[in-house]
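Subject: Structure handover

Hello,

Here is the structure you were expecting. Please open it alongside this note; the findings follow below.

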Amino acid sequence: MSFYLYLILGFLGGIPAGMGMGGGTVTIPLLVLVGGVEQKIAQCANLFAFLPMSVGALKTHADNHLVETRGMLWIILPALLLSAIGAYVAAVLPSEILRKAFGVFLIGLALFGFYQRQKD
């Protein structure tokens, strides 16, 4: 039964990811709240799933000549450094703190989106 549950959760998280809406904002809560997966494992699964999707997206954008390479190094280097720091922090923090921090992030994201819609 758990295989089918995770398959359905994967589809539900993959749909917004395929639309470019950030599948992790859906996938992680689904895995934790519905699938009963520990927060760290859910975040790891989301990051692991991102790797092949990002390669496919990069290839598609490159084929359509939509990749701007000028200045790319100034984005990649800090992103790599901060990703390594974030991974280390996530590894040493208890899952309960990660769960609460992710909840605060989602609330902040919702408020930001609401504020942006009010400006339009």
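Among contacts between residues at least 6 apart in sequence, 53% join residues at least 24 apart. Please keep in mind that this is a predicted model.

Overall make-up first. The protein has five helices and zero strands. Read along the sequence, the pattern is α-α-α-α-α. Along the principal axes, the C-alpha atoms fill a box of roughly 45 × 35 × 30 Å. The protein has 120 residues, and 16% of them count as buried. The exposed surface comes to about 9300 Å². Carbon and sulfur atoms supply 75% of that area.

The largest pocket holds about 910 Å³ of space. Its lining is made of 37 residues, and I28, Q43, N46, L47 and F50 are the closest to its centre. The largest share comes from α3, with eleven residues. By class, the lining of the largest pocket has 23 nonpolar residues, 13 polar residues and one charged residue.

The second largest pocket has about 400 Å³ of space. These residues line it: F50, L51, S54, M72, I75, I76, A79, L80 and S83. Here α3 and α4 each supply at least two residues. The most comes from α4, which gives five. Seven of the lining residues are nonpolar and two are polar, with no charged residues. Note F50: this residue is among the closest to the centre of the largest pocket, and F50 also lines the second largest pocket.

Is L106 buried, partly exposed or exposed? Its relative accessibility is 24%, so L106 counts as partly exposed. The cut-off for buried is under 20%, and exposed means over 50%. Which residues does L106 touch, leaving aside those up to four places away in sequence? They are T25 and P29. For a distance across the model, take L106 and L5. These two are 101 residues apart in sequence. In space they are 24 Å apart, C-alpha to C-alpha.

Over to you.

Best wishes

Terms used. Residues are numbered from 1 along each chain as its sequence is written. This is a predicted model: local features need pLDDT of at least 70, side-chain atom pairs count only at pLDDT 80 or more; totals for chains, interfaces and linings use all residues. Side-chain values use heavy atoms; hydrogens and water are left out. Buried means under 20% relative accessible area, exposed over 50%, partly exposed in between (1.4 Å probe, protein chains only). Contact means heavy atoms within 4.5 Å. On a 1 Å grid over the protein atoms alone, a cavity is a set of points where a 1.4 Å probe fits but cannot get out, and a pocket is an open set with protein on both sides within 12 Å along at least five of seven lines; lining residues have an atom within 4 Å of a point. Grid points are joined across faces, edges and corners, and a volume is the space filled by probe spheres set on the points. Helices (H or I, at least four residues) and strands (E, at least two) are DSSP runs, numbered from the N terminus. Ala, Val, Leu, Ile, Met, Phe, Trp, Tyr, Cys and Pro count as nonpolar, Asp, Glu, Lys and Arg as charged, and the others, Gly among them, as polar. Accessible areas come from the Shrake-Rupley method with a 1.4 Å probe; for residues, only the protein chains shown count as cover.
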